[in-house]
Amino acid sequence: MPQLGHGFTCHPALVLVGEHPRDITNDVGHPKSYFVDRAAEDGFVLETCMYFPFVTAKSLTGFGASHSAMMRAFPRLQMILLLACDRAVPGNRVGVDRAGRPVVHYRFTPETLKALARGTRAAVRIFFAAGARRVHVPADPPLITASEADRLDARVAARHFLPGRVSISAAHLMGGCGMGGSTADSVTDAWGRVHGLPWLRVADASLFPDSLEINPYLTIMALADRVAECVRAEVREPVNA
Ligand SMILES: Cc1cc2nc3c(=O)[nH]c(=O)nc-3n(C[C@H](O)[C@H](O)[C@H](O)COP(=O)(O)OP(=O)(O)OC[C@H]3O[C@@H](n4cnc5c(N)ncnc54)[C@H](O)[C@@H]3O)c2cc1C
């Protein structure tokens, strides 16, 4: 099983905030009601969102005065979730440590870092177009005012997205038991059956051979349903009958 654990992707994500001059109703209604899908061209997806103070606080870049200023403005904050559509690359994988616990090995590729920077600049433009007077994003310094809107390429760049400098999260864990034709390129067949062990099925997000480039939940359910259909068919007509 040379591909077991490989092909792991996770949509590295950032919560970005823009501060408006007056209170807004960011906490009313469905939080993910609009999205910008630029995955094919630019490698990112933007979604409207609302996170509670704790998650917002741990997601912002840096510490101290600028961080505190944004958190104090919480009722005036507009939020955008940025997902980078990372690709399956060698080295990014799920392994097992000596105690048998799962371990994720993951590094950002230059393409993922560029996608994070591009997506951040796009989100900043949306904040300012919506009337925000300043935004807080991974930049140096992290507070960007509306008067700097024409300098975004210089203010937000891939060099600002370094490990330890920004708080990046991931909720869409994909891959590790990818579907495919043989053990050379995959772990299961197109019905979630593990190659060589047809009684063993995989029916979750680990089936994806690569990043989905959109929120994965519906596709995961569809794949699980497909695996279940195959189980049902084989129960009716046992494979070895
Ligand atoms: C905060 C957050 C927000 C998200 N928002 C969205 C969204 O807006 N849209 C979207 O599409 N996706 C979203 N996702 C992603 C989505 O929820 C996941 O991709 C999806 O649930 C993964 O499905 P899964 O079946 O692979 O795994 P899971 O849903 O994690 O299911 C795994 C199950 O296995 C069980 N389990 C684990 N170990 C064992 C064991 N040893 N024995 C028995 N059972 C075990 C667990 O209890 C769990 O029930 C979000 C995820 C998070 C965390």
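**Core first.** I looked up the largest nonpolar core of this predicted model and found 35 residues, with L16, L82 and V124 having the most contacts inside it. By nonpolar core I mean a set of buried Ala, Val, Leu, Ile, Met, Phe, Trp, Tyr and Cys residues joined through C-beta atoms within 7 Å. Buried is for 20 or more other C-beta atoms within 10 Å of a residue's own, exposed for 12 or fewer, and partly exposed for in between, with C-beta atoms placed from the backbone. I noted that β1 (13-19), β3 (44-48), β4 (77-84) and α4 (110-129) each give at least two residues to this core. Helices (H or I, at least four residues) and strands (E, at least two) are DSSP runs, numbered from the N terminus. A handy reminder: nonpolar side chains in soluble globular proteins tend to be buried together.

**Ground rules.** I count residues from 1 along each chain as its sequence is written. Since this is a predicted model, local features need pLDDT of at least 70 and side-chain atom pairs count only at pLDDT 80 or more, while totals for chains, interfaces and linings use all residues.

Setting aside neighbours within four places in sequence, I found L16 in contact (C-beta atoms, placed from the backbone, within 7 Å) with M79, I80, L82, T120, A123, V135 and V137. Another core, of 12 residues, lies apart from the largest one and includes F8, M174, M179 and V187.

**β4.** Why is β4 largely enclosed by the rest of the structure? Eight of its eight residues are buried, so that is how β4 ends up enclosed. I see L77, M79, L81 and L83 pointing one way from β4, and Q78, I80, L82 and A84 the other way. Side chains in a regular strand alternate between the two faces of the sheet.

Next I checked its partners, where pairing needs at least two DSSP bridges between two strands. β1 runs antiparallel to β4, joined by seven bridges, and V15 stands opposite L81 in β4. β3 also pairs with β4 in the antiparallel sense, over five bridges, and F44 has A84 in β4 as its bridge partner.

**Domains.** An automatic or database domain assignment divides the protein chain into domain 1 (13-160) and domain 2 (174-241). Their C-alpha centres lie 33 Å apart. The contact takes eight residues from domain 1 and seven from domain 2.

Key. Contact = placed C-beta atoms within 7 Å.
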